[in-house]
Amino acid sequence: MADPKFMRHAIHLAEKMMRAGRGGPFGAVIVLEGKIIAEGYNKVTSDNDPTAHAEVVAIREACATLGTFSLQGSEIFTNCEPCPMCLAAIYWARLDQIWYGNTRGDAALIGFDDDRIYREIPLAIEDRAIPMVRLLPDEAAAAFREWDSKTDKVMY
């Protein structure tokens, strides 16, 4: 069972940094072996970075702290259900557990419509809101062929 103090920390961080004008009302902490190893809060508007969501910021800090791209064995506590970008980052970082407070529906009620992106993902490419057009596939394949034959690659 999760220790509620970690969720309370994420909630407090979200409130504190939102009140300080640093970004939206989102906070996250990453816990390894019962200790907070990283924290993040929403920095989208303060850093002019649309990817600076609390979970991504926390993942970046945890990876830098541990010197690895894998956070296997860790858990994330976030005051809101992760958006699709953050959820993907959590999977890429190999976190073991997600604990969240508010839902994406709760976020939509205050103007954060993450569900819009969730609805786009299963659509066929031609049906998505932002056009996606394949360009220069033969040239693009060169880097993939080189990677495939690389003997010293580090898989992730």
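What follows is a short chat about the structure above.

Visitor: What kind of model is this, and what pLDDT do local features need?

Guide: It is a predicted model: local features need pLDDT of at least 70, side-chain atom pairs count only at pLDDT 80 or more, and totals for chains, interfaces and linings use all residues. Residues are numbered from 1 along each chain as its sequence is written, and side-chain values use heavy atoms, with hydrogens and water left out.

Visitor: Start inside. Which residues of the largest nonpolar core touch the most other members?
Guide: I30, I59, A62, L71, I76 and L95, in a core of 21 residues. A nonpolar core here is a set of buried Ala, Val, Leu, Ile, Met, Phe, Trp, Tyr and Cys residues joined through side-chain atoms within 4.5 Å. Buried means under 20% relative accessible area, exposed over 50%, and partly exposed in between, with a 1.4 Å probe and protein chains only.

Visitor: Which elements each supply at least two residues of this core?
Guide: Strand 1 (27-32), strand 2 (35-41), helix 3 (54-66), strand 3 (74-80) and helix 4 (84-93). Helix 3 gives the largest share, six residues. Helices (H or I, at least four residues) and strands (E, at least two) are DSSP runs, numbered from the N terminus.

Visitor: And I30, what is it in contact with?
Guide: Leaving aside neighbours within four places in sequence, I30 is in contact with K35, I36, I37, A38, A58, I59, A62, L71, S74, E75, I76 and L95. Contact means heavy atoms within 4.5 Å. There is also a second, separate core of six residues, and A2, M7, V29 and V31 are among them.

Visitor: Why would such side chains be buried together?
Guide: In soluble globular proteins, nonpolar side chains tend to be buried together.

Visitor: Now the surface. Which residues form a nonpolar patch there?
Guide: F69, W92, W147, V154, M155 and Y156, with about 740 Å² of accessible area together. Patch residues have over 30% relative accessible area and no salt bridge; like charges are joined within 9 Å, nonpolar side chains (Val, Leu, Ile, Met, Phe, Trp, Tyr) within 5 Å. The areas come from the Shrake-Rupley method with a 1.4 Å probe, and for residues only the protein chains shown count as cover.

Visitor: Where is Y156 found?
Guide: In the segment after helix 7 (137-149). Y156 counts as exposed because its relative accessibility is 60%.

Visitor: Switching to charges. How many salt bridges does the structure hold?
Guide: Six. A salt bridge is a side-chain nitrogen of Lys or Arg within 4 Å of a carboxyl oxygen of Asp or Glu.

Visitor: What does E81 form with R104, and how far apart are the closest N and O atoms?
Guide: A salt bridge, at 3.0 Å. E81 lies in the loop between strand 3 and helix 4, and R104 in helix 5 (residues 104-109), so the pair ties together parts that are 23 residues apart in sequence. E81 is buried, at 15% relative accessible area. R104 counts as partly exposed at 26%.

Visitor: Where do D49 and R60 sit?
Guide: D49 is in the loop between helix 2 (44-47) and helix 3, and R60 is in helix 3, 11 residues apart. Their side chains meet in a salt bridge of 3.8 Å, N to O. D49 is partly exposed at 21% relative accessibility. R60 is partly exposed too, with 44%.

Visitor: What about D152 and K150?
Guide: Their side chains meet in a salt bridge of 2.9 Å, N to O. D152 is exposed, at 54%, and K150 is partly exposed, at 37%.

Visitor: Which residues do salt bridges that share partners join into one network?
Guide: E81, R104, D115 and R119.

Visitor: Backbone now. What is phi of E33?
Guide: Near 50 degrees, a positive value in a residue other than glycine. E33 is in the loop between strand 1 and strand 2, and is exposed at 75% relative accessible area. N48 also has phi near 50 degrees. N48 sits in the loop between helix 2 and helix 3.
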